[in-house]
Amino acid sequence: MIPLTSSSARQFLGIGGLFVGLNSLTTTLCAARIGDITETVWQAQALRFLTLADPSVRFAVLGTVLLGIVCGLLGGFLVVRRMSLVGDALSHAVLPGVALGFLWNMEKDPVAIFIGATVAGLLGTGLVHLITRTTRLKEDAALGMILAGFFGAGLCLMSMFQRLPTGNKTGIDKFLFGQASAIGAEDIRLMTVVTVLVLGLICVGYKEFLLVSFDPGFSKVCALPTRWLQHGLMLLLTFSVVIALQAVGAVLVSAMLITPAATAYLLTDRMHRMLIYGTLIGMLSGVTGAFLSFLGTHLPTGPFMVLSASGFFVVAFFFAPNRGVIPRWWMARSQRIRIVRENTLKAVYQILENEEFRRESVSLRELAERRRLTFDEVFREVRSLISVNFATAVDDSVALTPSGWQRAASIVRNHRLWELYLTHAVQMAPDHVHDDAEKIEHVLGEDAVRQLERRLEFADRDPHGRPIPAVQAIHGHPNGSREKRVTGYGKSS
Amino acid sequence: MDLSDRSSSLTTAPIGEESPLEVHDLTVAYRKKPVLWGVDLRAPAGKLIGILGPNGAGKSTLIKACMGLLPASAGWVKVFGKPINQSLLRVGYVPQRESVDWDFPVNVMDVVLMGRYGKLGLFRRPTAADRSCARDCLERVKMLPFADRQISNLSGGQQQRVFLARALAQESDLYFMDEPFAGVDAATETAIIELLHELRHQGKTLFVVHHDLPTARNYFDWLLLLNMRVVAFGPTEHVFTYDLLQKTYGGRLTILSEVAEAVRVKEA
């Protein structure tokens with residue numbers, strides 16, 4: 001598939017590294033499923049996964065859960081501090097350290113790799129810091145350079161080691177794209193240590209990390225060891241990247257850091273909840289990814305974990321309460337429907353008002369004229385009123401129910417109060433206030449109406465001289481008692 | 001009276017009493033380019049002090065350097081007679097509103113509680129007493145009904161009052177405020193200045209970076225005129241003069257006419 005035979009190209013170290021990198025992509029994609037099981041019936045595979053019978057399954061699940069926790073937690077701080085790219089740069093910068101960790105004793109020793117990767121990661125972030133402080137370059141340029149530079153160096157080192165006699169069997173290339181099945185007991189031990197460390201420090205120092213992230217200047221004035229806290233957070237982040245490397249791979253680690261935390265950011269307004277949600281989503285993504293990749297043959301774990309996390313993000317994007325696309329659309333729709341209903345009610349009220357409430361019902365034709373709509377449109381509006389029990393209809397005459405009457409009167413009241421307020425308090429001309437009131441009448445709350453009443457000294461006529469329905473009329477019964485109360489205001493001029 | 005003369009400014013606080021803020025020959029540089037030159041100050045206690053100066057005069061730089069947020073290339077700062085890092089807990093700070101991300105997932109109460117963090121000490125959680133203190137502070141800036149609001153759902157003036165409440169929660173003796181009136185409506189400005197006067201009556205010393213010349217004369221007891229160095233520092237009635245303001249603001253025409261107007265009103 002991929003040309004690897006050109007010897008002149010392979011002599012070039014950098015290009016050789018790239019080729020080996022691409023080569024390992026194909027091998028990883030083929031080999032990166034959990035365990036060496038040959039069954040392909042997915043039900044049987046699912047059962048094996050869910051019963052956790054295999055030790056390799058247990059390790060893989062435990063490993064992905066642990067890294068989901070750590071990444072979700074620390075990713076939360078990255079997202080709110082707008083440092084998401086730092087996670088990306090860090091995950092690439094650790095690669096040369098991984099390779100050098102291998103060189104230590106030419107085998108996969110988790111501790112040596114951990115130390116090498118941590119040192120490389122810290123060196124990378126240190127260099128970013130140095131570049132931004134000593135040159136005119138901004139952080140994004142420095143991150144981009146360090147990311148690619150360290151990644152390139154890592155690829156070169158790895159390609160060199162793979163050509164060594166023992167290099168091929170080490171599985172060093174798995175660090176590029178991850179392989180959950182390669183997680184062993186040693187790795188789990190290291191992951192557990194890091195997870196406990198991260199969880200413990202974030203719990204103990206939550207208050208400090210929160211303030212340092214929100215307002216570092218203020219944290220210094222509060223005599224918090226701001227610099228140490230920031231460095232500490234970076235160190236924990238480096239640890240988390242290193243332990244995630246094996247399951248997800250250097251290329252996709254940043255997705256595990258950012259996506260669960262970004263999803264949690266859509267769900268809540270409080271930092272502690274965001275961290276908890278991010279942790280849970282990270283864990284779920286880990287397990288789901290491991291499970292999905294286990295179902296078929298030749299399915300890689302890391303990409304499935306990232307895809308699961310992205311799936312959770314898509315769900316949150318559409319369905320997050322209050323902020324999701326669907327709830328927002330639903331709220332806008334309900335409001336639209338409510339406004340149309342209220343306008344219809346108002347039209348009925350006004351038709352009846354013009355005849356001093358001598359009648360109880362209006363015909364559809366009158367309503368259509370008043371609303372300037374077609375007969376069909378008005379018919380639909382009336383049906384919508386009937387569906388919420390605001391009106392009843394006999395043949396083509398429409399009468400309001402008590403609750404419909406109440407709502408109609410309060411909308412008219414809102415409208416006229418607002419008009420009066422605009423002419424009185426804002427000194428607008430009476431012929432300028434109608435359009436504004438048409439919008440405000442639907443959104444005035446109970447409190448605002450009470451305030452308006454007080455400011456307008458409980459006036460009973462709008463700027464055009466029409467009566468403002470009184471509170472009694474709003475709460476009154478439409479039959480008999482309503483007529484008595486409302487007609488008490490006399491004929492409108 | 002020209003108070004930029006060092007010997008006179010050094011004697012402005014009563015001898016024998018620890019000055020809330022004493023600055024000696026403070027020089028601050030960004031990338032080797034000095035933005036503050038040889039600042040000498042000795043602030044009297046219990047005064048509301050306005051820091052005035054044109055853009056780039058180093059007003060924010062001065063208060064940041066006083067709190068140790070920026071490194072000084074020369075000179076020293078003493079707060080209540082001690083180096084700044086030994087008396088930080090007696091210092092309160094209201095940063096510029098733009099200095100933080102208002103989309104941060106915290107609510108108003110969370111932010112005000114942050115004012116307690118210094119006194120709480122490392123790794124200790126806020127107690128019920130801290131919460132009730134934070135509530136009192138919110139009440140004093142009339143923001144208690146907003147305690148559960150996410151901070152991005154606030155107006156500029158409300159955000160500024162949240163920062164003030166946080167500073168109140170610090171219960172400090174010396175306050176630094178970086179443009180607390182920026183982007184604030186007139187009603188909030190009045191409320192804030194009343195609060196500052198109240199704090200001054202409690203014997204606290206307040207340094208307030210301020211932009212508006214005409215109001216400065218009414219708001220502050222003392223003024224610090226700054227333009228990369230101290231032009232003048234003293235009681236407002238001595239410092240708010242045409243000559244000194246002209247010296248501070250240089251040849252900027254619009255500012256100068258503003259100054260002329262302000263001085264004319266004062267002398268009328």
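These legends go with several close-up views of a predicted two-chain model.

Local features are kept at pLDDT of at least 70 and side-chain atom pairs at pLDDT 80 or more, while totals for chains, interfaces and linings use all residues. Residues count from 1 along each chain as written, chains are lettered from A in written order, and side-chain values use heavy atoms, with hydrogens and water left out.

**View 1. Helix H4 of chain A, residues 55-80.** Helices here are DSSP runs of H or I with at least four residues, and strands are E runs of at least two, numbered from the N terminus. H4(A) has 26 residues and spans 38 Å from first to last C-alpha, close to the expected 38 Å; that expectation is 1.5 Å times one less than the residue count. Of those 26 residues, 21 are buried (under 20% relative accessible area; exposed is over 50%, partly exposed in between; 1.4 Å probe, protein chains only). Just after the helix, A:Arg82 takes a positive phi of about 55°.

**View 2. Where chain B meets chain A.** Here 33 residues of chain B contact 29 of chain A, contact being heavy atoms within 4.5 Å. The buried area is about 2700 Å², 65% of it from carbon and sulfur atoms; this is the accessible area (1.4 Å probe) lost when the two parts are put together, summed over both. On chain B's side, B:Phe104, B:Pro105 and B:Tyr117 lose the most area, together 24% of what that side buries.

**View 3. A salt bridge between chains: A:Arg270 and B:Asp110.** Their closest N and O atoms sit 2.8 Å apart.

**View 4. A pair within helix H10 of chain A: A:Arg189 and A:Glu186.** The closest N and O atoms of this salt bridge are 3.0 Å apart. The two residues are about one helical turn from each other, because they lie three residues apart in H10 (185-204). A:Arg189 is exposed at 54% relative accessibility, and A:Glu186 is partly exposed at 42%.

View 5. B:Arg116 is buried at 10% relative accessibility, whereas B:Glu171 is partly exposed at 43%.

Key: Salt bridge = Lys/Arg side-chain N within 4 Å of Asp/Glu carboxyl O.
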